[in-house]
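The following exercises are to be worked with the sequence and the model at hand. Each task is followed by a stepwise solution.

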Amino acid sequence: MSLAALEEVEVDYPGRGRALGPFSLALEPGETVALIGPSGCGKSTALRLLAGLEPPTRGRAVLAQGRGETSVVFQAPTLMPWASAADNVALPLELSGAGRAEARRRALQALEQVRLPGVAAAKPAQLSGGMAMRVSLARALVTRPRLLLLDEPFAALDEITRRALADDIQTLWAELRPAVVFVTHNVEEALYMAGRLVVMSPGPGRVASVTEVQGPYPRPPGFRTTALFRELAEKVSADLAAAMGAAA
Amino acid sequence: MSRLVSLLAPVALVILLLAGWEAMVRLLQVPAYVLPAPSAVAAAAAGSGTVLLGSAWNTLSMALAALAIASAVANGLALLVAPSPLMEGAVRPLAVALQVTPVVAIAPQAVIWAGLDHPERAVVGLAAIVAFFPIFSGTLTGLRSADPDLERLFDLYGATRLQRLFRLRLPAAAPFMLEGHKVAAGLAIVGAVVAEFVAGSGSAQGLAWRILEAANRLQIAREFAAVFVLGLMGMALHALLQVGEREILTRWRGRKGR
């Protein structure tokens, strides 16, 4: 039985027509999926459906049950600028009724997990972009979710930071084993982060191709230089080009 | 060093202007009832210092009372209508009407309603009307200013309405509310003075009353002195609020500057 699923969903936005669908995706516990496609192909919309943040116009969204079972990391860190890093991370626990002390203890733990001990008291404005993104990740992990949704989490980061964060996310995945949906428009990032790649075509967003990525996960160092990686990168890039061409 | 220079620059300019003014009045022998020399204004200020300061306090206390009332009403109303675009749509035109109607136009009626024995009530009421809009508008804008993705997170984690208000919307509104109060404080003083011009007599002896009184008696130096005290008072209040705003925002953000 899958953890969460979108079944033949369609999303219409008033005045803008159909953004997504028909589109289906089933997530097994612990699997890692990348949604990849050009901007405007509805991949972020699919993510919001999985989070239950908006309903499909037609079709059915089966969500991971329970508060804190689903966590989202957005493109920007999306931290509360007036609250310390620890308070930001503790927020999901406090909103679901955890005691202050307990929430803080677990928040500090989560900050250590993302290799950010010692910034608990810092405000977001005092953190670098990479650090703020890690705080955001800690906030998503603090509820020990079974489904982690990542909406282009590396978009605003430099190359070194994004590679470090990509490895850290995989290390954290190995501890908690949540199902991960990773939205991106970067083929190589998708290959590195996910075991299943779903290429989407735009206008409205649909599944153009699905590629299973064999190989160990978390990815070993040097995975990006293997023949398998390069071969798949070329195949998926071709799929993506075809998907975009079909829409143009 | 550069900080000292930038602090001294406005002082130097004022001294230069005053010196030019003094020289011009003396050289051209301008009559005192047309334009008194700064020295004469200073002498008049020194001569009636206690009266002027008393009147200044009178005006300031009425303006501050008006600010407090405006703040309570405007913030309360903003909190009430913020959750509903329909309510906001209903209230906003009225708030705008209140803002664009010149305070002098409604002052005579306000004086009648307040009762001729209580002109200070009319002054406070009119100043509160003037100070209302920036606070209402600032708070309302601020309550809507939270990052939409943060709002989504609050949805995701099943936040209650109160949690959303106290943990997200009010903190996000803080900078807008501070700005609104700063603008409103300046307007409250202007509103109080304008209202005094219409209503001021008897017990409401604020600075506006001193200005009118001195002008009617052709004590032009004294009139100027009262105007200067008014200007200084406004600047002092503005500076105080500016420092307060910066201090609070620094804590809010955790670092200096925008």
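**Exercise 1: an enclosed helix**

In chain A, 10 of the 11 residues of helix 2 (residues 85-95) are buried, so this helix is largely enclosed by the rest of the structure. The model is a predicted one, in which local features need pLDDT of at least 70 and side-chain atom pairs count only at pLDDT 80 or more, while totals for chains, interfaces and linings use all residues. Residues are numbered from 1 along each chain as its sequence is written, and chains are lettered from A and ligands numbered from 1 in the order in which they are written.

Task: list the buried residues of helix 2 of chain A, and state what they pack against.

Solution.
- Step 1. Apply the criteria: a residue is buried if 20 or more other C-beta atoms lie within 10 Å of its own, exposed if 12 or fewer, and partly exposed in between, with C-beta atoms placed from the backbone. Helices (H or I, at least four residues) and strands (E, at least two) are DSSP runs numbered from the N terminus.
- Step 2. The buried residues of helix 2 of chain A are A:Ala85, A:Ala86, A:Asp87, A:Asn88, A:Val89, A:Ala90, A:Leu91, A:Pro92, A:Leu93 and A:Leu95.
- Step 3. Contact requires C-beta atoms, placed from the backbone, within 7 Å. The buried residues of helix 2 pack against helix 3 (100-113) and helix 4 of chain A, and also against helix 7 and helix 8 of chain B.
- Step 4. Just after helix 2 of chain A, A:Gly97 has a positive phi of about 90°.

**Exercise 2: the six-stranded sheet**

Task: give the strand order of the six-stranded open sheet in chain A, and identify its edge strands.

Solution.
- Step 1. Two strands pair if DSSP finds at least two bridges between them. The order is 5-6-7-3-8-9, with mixed pairing.
- Step 2. Strand 5 (70-73) and strand 9 (206-212) of chain A are at the edges; each has a single partner strand, so one side of each lacks a neighbour in the sheet.
- Step 3. From one strand to the next, the twist averages 20°.
- Step 4. Strand 6 (residues 147-151) and strand 7 (residues 179-184) of chain A run parallel and are joined by five bridges; A:Leu148 has A:Val180 in strand 7 as its bridge partner.
- Step 5. Helix 4 (residues 129-141) of chain A lies across strand 5 and strand 6, at about 170° to strand 5. Axes are lines fitted to C-alpha atoms, for helices over the stretch in contact, and angles run from 0 to 180 degrees between N-to-C directions.

**Exercise 3: the three-stranded sheet**

Task: describe the pairing in the three-stranded open sheet of chain A.

Solution.
- Step 1. The strand order is 2-1-4 and the pairing is antiparallel.
- Step 2. Strand 2 (17-27) and strand 4 (58-62) of chain A are the edge strands, each pairing on one side only.
- Step 3. Seven bridges link strand 1 (residues 4-13) of chain A to strand 2, and A:Leu6 is opposite A:Leu25. Their hairpin has three residues between the strands, and A:Gly15 takes a positive phi near 85° there.
- Step 4. Four bridges link strand 1 to strand 4 of chain A; one bridge pairs A:Glu7 with A:Arg60.
- Step 5. Helix 1 (residues 43-51) of chain A lies across strand 1, strand 2 and strand 4, at about 125° to strand 1.

**Exercise 4: the contact between the chains**

Task: how many residues does each chain give to the contact, and which helix of chain B supplies the largest share of its side?

Solution.
- Step 1. Chain B gives 18 residues and chain A gives 19 residues.
- Step 2. Helix 7 (148-156), helix 8 and helix 10 of chain B each supply at least two residues of the chain B side.
- Step 3. The largest share of that side, seven residues, comes from helix 7 of chain B.

Terms used: Contact = placed C-beta atoms within 7 Å.
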